[in-house]
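Q: Hi! Could you walk me through the chain contacts in this one?

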Amino acid sequence: MSQTLASLRQSGAESFAALGWPNRRVEAYKYSDFTSLTQADLGQTVAQPLAELSDQDGLRCYKPGEAPQALVDKIGSLVPLDDPLAAYSTANLDDVLIIEVAAKSKLTGPIVLDHRRLAGQAAFARYLVVVGRGAEAELIERYASNGQGASSPVIEVFVEEGAHLRHLRSQTEALDATHLGWTAARLERDASYSHFALNQGAGISRHNIRVDLAGAGSHLDLYGLHLLDGQQRCDSHTRINHNAPNTTSNEVYKSVVGGSGNSIFQGKIYVAKDSQKIEGNQMSRGLLLGPRARIHNKPELEIYADDVICSHGSTVGALDEAAIFYLRARGIPAAIAHKMMVEAFVQDVLDEVGDCAEVTAHWQAVISSYLTSVFADQDGQA
Amino acid sequence: MLSIQNLHAQIEEDGKEILKGLTLEINPGEVHAIMGPNGAGKSTLGNVLAGKDGYVITEGSVFYKGQDLLALEVEERAHAGLFLAFQYPVEIPGVQMLNFLRTCTNETRAARGLPELSGMDFLKLARAKAAELKINPDMLKRSVNSGFSGGEKKRAEVLQMALLDPQFAVLDETDSGLDIDALRIVAEGVNALRDDKRSFLVITHYQRLLDYIKPDHVHVLADGKIVRSGGPELAMELEERGYVDYEKAA
Amino acid sequence: MAATADTVERVKKISVETYKYGFETEIEMDRIPKGLNEDIVRMISAKKDEPEWLLQWRLEAYRRWTQMEEPDWAKVSFPKIDYNDYYYYAAPKSMGDKPKSLDEVDPKLLDTYKRLGIPLDEQERLAGVAVDAVFDSVSVATTFKHKLEEVGVIFMPISEAVAKHPELVRKYLGTVVPTTDNYFAALNSAVFTDGSFVYVPKGVRCPMELSTYFRINAQETGQFERTLIVCDDDAYVSYLEGCTAPMRDENQLHAAVVELVAMDNSEIKYSTVQNWYPGDENGKGGIYNFVTKRAQCRGVNSKVSWTQVETGSAVTWKYPSCILQGDGSQGEFYSIAITNNLQQADTGTKMVHVGKNTRSRIISKGISAGRSDQTYRGLVKMLPNAKNARNFTQCDSLLIGDRCGAHTVPYIEVANPSAAVEHEATTSKVSDDQLFYCRQRGMNEEKALALIVNGFVKEVLQELPMEFAVEAQALVEISLEGSVG
């Protein structure tokens with residue numbers, strides 16, 4: 001292990017030793033206690049091979065030992081070690097893959113980071129992605145597993161001046177798995193970044209997202225879905241920092257909760273002093289499908305500049321009975337009507353996922369299998 | 001009344017020049033129409049005359065009744081009798097129209113050394129003006145322009161004009177978004193205010209408003225300058241031929 | 001942009017001369033020694049001739065308080081408070097003789113209230129409003145007491161109610177806000193001095209507005225009032241409190257507890273115009289306002305609405321709440337909060353839906369100017385049995401000048417699928433287009449801003465009793481004076 005990684009690992013370990021697993025007294029973890037995680041939940045630490053990438057024009061991958069120092073220095077610079085889950089992952093990191101998209105290049109195919117963790121394992125994938133000036137790329141990040149244990153991946157993303165990155169992340173781990181993910185991104189002048197987070201798996205999951213709009217004129221789109229059933233608890237915690245003027249952000253999170261599921265969304269839009277001409281909009285909407293399902297939303301605005309237009313909206317409710325009645329009166333069976341309504345609820349997020357057939361098909365398949373199982377469970381209860 | 005000499009104005013934020021040497025003379029009692037293609041600088045002219053922030057005057061002068069108009073604050077221009085009927089009247093939720101109009105009227109009266117109108121006197125006056133203009137007096141109870149239809153907004157502008165009794169009124173695309181009946185009502189309101197002292201500058205893209213408000217002079221504004229001036233017949237010509245010639249020139 | 005720079009310049013120059021309640025009444029005071037310990041608690045209780053149960057209740061609260069920690073989660077910061085550096089009881093000496101009627105009350109006190117616009121004597125009284133006037137730690141006078149007694153409404157200082165209606169006070173005191181609810185509630189339970197007690201019996205619609213006027217006068221003194229309002233079945237009451245204090249360089253502590261109990265089909269309307277001294281333009285002085293206000297809608301179809309206009313205080317920590325227990329009960333929270341200069345306010349509400357078909361509505365309008373910081377913090381909680389419960393929240397913030405902060409922190413917790421929660425929040429500055437439009441019609445910038453801001457808060461002002469709406473509107477304008485040109 002290189003000196004850089006060893007010392008980063010050391011900082012992570014020290015920080016985690018000081019912080020420990022977060023409990024509900026920590027405001028950022030108000031609705032998610034992690035103190036009861038067992039060794040089985042976390043898995044045995046096994047060195048997980050990082051995703052392997054095939055070369056394409058404009059794309060270069062490095063190990064920290066071979067990478068230019070400027071890239072190596074970026075490792076760990078975006079993920080705050082005062083977050084206990086970031087510290088935990090960092091304390092256990094084994095290797096880092098550095099992915100660089102050359103300036104002005106437009107990748108022909110997506111960068112795919114695929115992870116299949118085996119039951120009992122603990123995985124600590126770690127990536128640094130740098131999209132060079134004016135470059136365009138699409139990044140697919142997928143986490144799946146076949147049983148207990150935890151994935152605690154950390155990805156740091158730099159979108160340089162005028163560059164554009166679409167980042168599609170899906171988490172479909174086994175229902176007894178634990179997922180503790182971190183995504184941190186920094187956008188330079190006129191850069192744009194779209195992040196899509198599909199959260200369907202894991203018994204306990206937490207996804208931290210932190211995006212710094214550091215360059216004037218940069219733009220962020222952030223979309224997320226929670227599709228929960230059974231005893232699942234899924235917590236997304238997003239923080240958007242408007243640290244430069246003329247920056248814009250748009251965030252939409254949708255939760256569908258069946259069974260005794262618990263969906264948690266905490267999202268903050270932060271506007272720094274002197275970051276003028278900001279537009280930041282956020283919407284979080286939740287749909288409760290069963291009597292024991294729960295939703296906790298905490299949207300938040302923290303604003304220190306005046307020339308801003310910021311808003312958030314949050315709604316929680318059940319499926320519209322009047323609409324279901326209308327569909328049934330037109331001859332659509334209740335079960336199909338329910339599915340149609342949920343599909344309609346998540347459709348606007350799906351619409352934004354875009355035209356990459358592989359991704360769209362994956363998302364659609366996840367949504368479709370979720371709907372089949374969640375309504376089968378509901379029928380079973382009734 | 002109004003004398004604009006070689007006026008150059010640019011947008012403060014990006015330095016883009018919109019008015020590029022505009023010259024125009026308007027005498028008391030005259031109605032001038034300014035026509036021109038989109039993006040010629042028509043609305044900028046109205047905004048600059050009223051003193052809106054966000055523009056920089058780089059050259060030229062505007063004298064209004066002998067005083068340097070550009071040296072005055074927005075409200076001082078209003079007190080001096082300049083009225084701008086907005087292309088897009090601004091909505092102010094929660095502020096009752098009547099209260100708004102009374103505040104405007106009394107501030108203007110105070111600046112002119114006239115006594116304040118009491119709530120009762122003003123209400124009578126506002127109702128009378130509304131009736132003259134065939135405006136439903138219920139409008140006075142609603143929030144300023146909030147939830148007004150396009151026609152209601154423009155009628156409310158004419159009502160304000162009638163109450164504030166300006167010497168010089170700029171009508172910025174007052175016809176946009178109006179059907180023919182609403183247009184006629186608005187035009188009648190304007191015509192009722194015409195006399196040998198009051199002047200109007202009617203900014204429009206289409207000739208049809210000028211069927212109802214007959215101008216004395218018509219000017220074509222293209223690329224920030226008056227490129228042609230004439231009588232009402234010029235408007236008819238534009239209606240037939242469009243702005244093609246002027247867009248090419250620009 | 002020029003306008004913004006101008007605004008900031010003028011905010012800097014804002015003067016506290018606008019705080020017209022900043023005078024001090026020169027009057028001989030009876031005080032107990034500075035500091036806080038069990039003996040002080042006993043002394044307060046003895047001053048009030050309290051029964052043993054209440055003393056024990058206070059002592060229990062005090063002991064729990066010593067084990068608690070000051071909350072630090074609110075977005076406010078202030079130097080550490082030395083709780084031993086305050087007087088916990090201060091009353092005009094003349095009140096020691098327990099004046100039997102207004103004629104026996106020290107004219108200086110009556111004059112003070114007159115200057116504050118609250119005449120207490122028979123001839124000049126506000127028609128249709130009964131007033132309880134609290135001066136530091138005691139109630140000076142309560143008007144219209146007898147007229148209210150005729151219909152069975154009890155309205156008196158809480159210390160008097162402890163003596164005259166012990167069964168009622170004991171039945172309800174501390175049942176909505178337990179002594180150990182939070183740090184400041186525990187402190188208040190230990191040392192509370194005066195405040196109002198209201199009981200509206202079954203089926204009675206209180207014939208007039210009830211109002212308490214709180215005045216802090218003495219130096220280095222904290223005010224810890226306690227208000228308890230009980231509205232029995234099918235009863236109705238509208239209550240309003242007002243508060244002011246002299247201008248002083250040191251910070252003064254105000255930690256109140258207000259408990260409301262609404263029984264079947266009853267309604268309580270509680271309005272506050274809070275205008276404690278906010279401190280000067282450099283943030284020197286001002287009241288620390290740490291208040292726990294909670295209503296329990298115990299009865300079916302009961303209703304409580306909180307309306308607040310918060311313009312004063314250096315630091316505000318306040319979340320008037322409703323526990324919606326009775327099926328079909330309703331809670332409302334209408335708030336205008338204005339912070340200027342270096343004021344800090346962390347305020348909002350909690351709506352806890354326990355019963356079926358419960359409804360809540362939150363309208364919050366925050367205005368930050370100068371270098372102030374303001375946070376809306378709210379909780380909407382739907383418990384598992386809150387079938388068909390509904391909440392609507394609208395939370396708007398307006399920023400005036402680029403050195404202030406506006407924050408919105410709502411917590412939404414839903415555990416019943418038939419419940420529906422809708423929350424909307426916006427933050428923006430006063431629109432340049434609105435200002436330009438008003439100025440083009442002849443208003444100067446200050447007039448235009450006052451008009452637009454009044455429009456912004458209109459929805460909440462409308463909720464105030466008519467007698468106070470005009471005063472509150474004027475207060476909104478005064479609070480922003482100097483923040484624009």
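Q: Which residue of chain A forms a salt bridge with Lys75(C)?
A: Glu302(A) does, with the closest N and O atoms 3.3 Å apart. A salt bridge here is a side-chain nitrogen of Lys or Arg within 4 Å of a carboxyl oxygen of Asp or Glu. This is a predicted model, where local features need pLDDT of at least 70, side-chain atom pairs count only at pLDDT 80 or more, and totals for chains, interfaces and linings use all residues. Side-chain values use heavy atoms, without hydrogens and water.

Q: Thanks! How many salt bridges are there between chain A and chain C?
A: The count is two.

Q: And what area is buried between chain A and chain C?
A: About 2,600 Å², with carbon and sulfur atoms giving 51%. Buried area is the accessible area (1.4 Å probe) that two parts lose on being put together, summed over both.

Q: Which strand of chain C does β19(A) join?
A: β22(C), residues 405–414, through six bridges, and the two run antiparallel. Strands are DSSP runs of E, at least two residues, numbered from the N terminus, and two of them pair if DSSP finds at least two bridges between them. Leu301(A) has Thr408(C) as its bridge partner.

Q: Switching over: how many salt bridges are there between chain C and chain B?
A: Five. In one of them, Lys52(B) meets Asp433(C) at 3.3 Å, N to O.

Key:
Residues are numbered from 1 along each chain as its sequence is written. Chains are lettered from A and ligands numbered from 1 in the order in which they are written. Helices (H or I, at least four residues) and strands (E, at least two) are DSSP runs, numbered from the N terminus.
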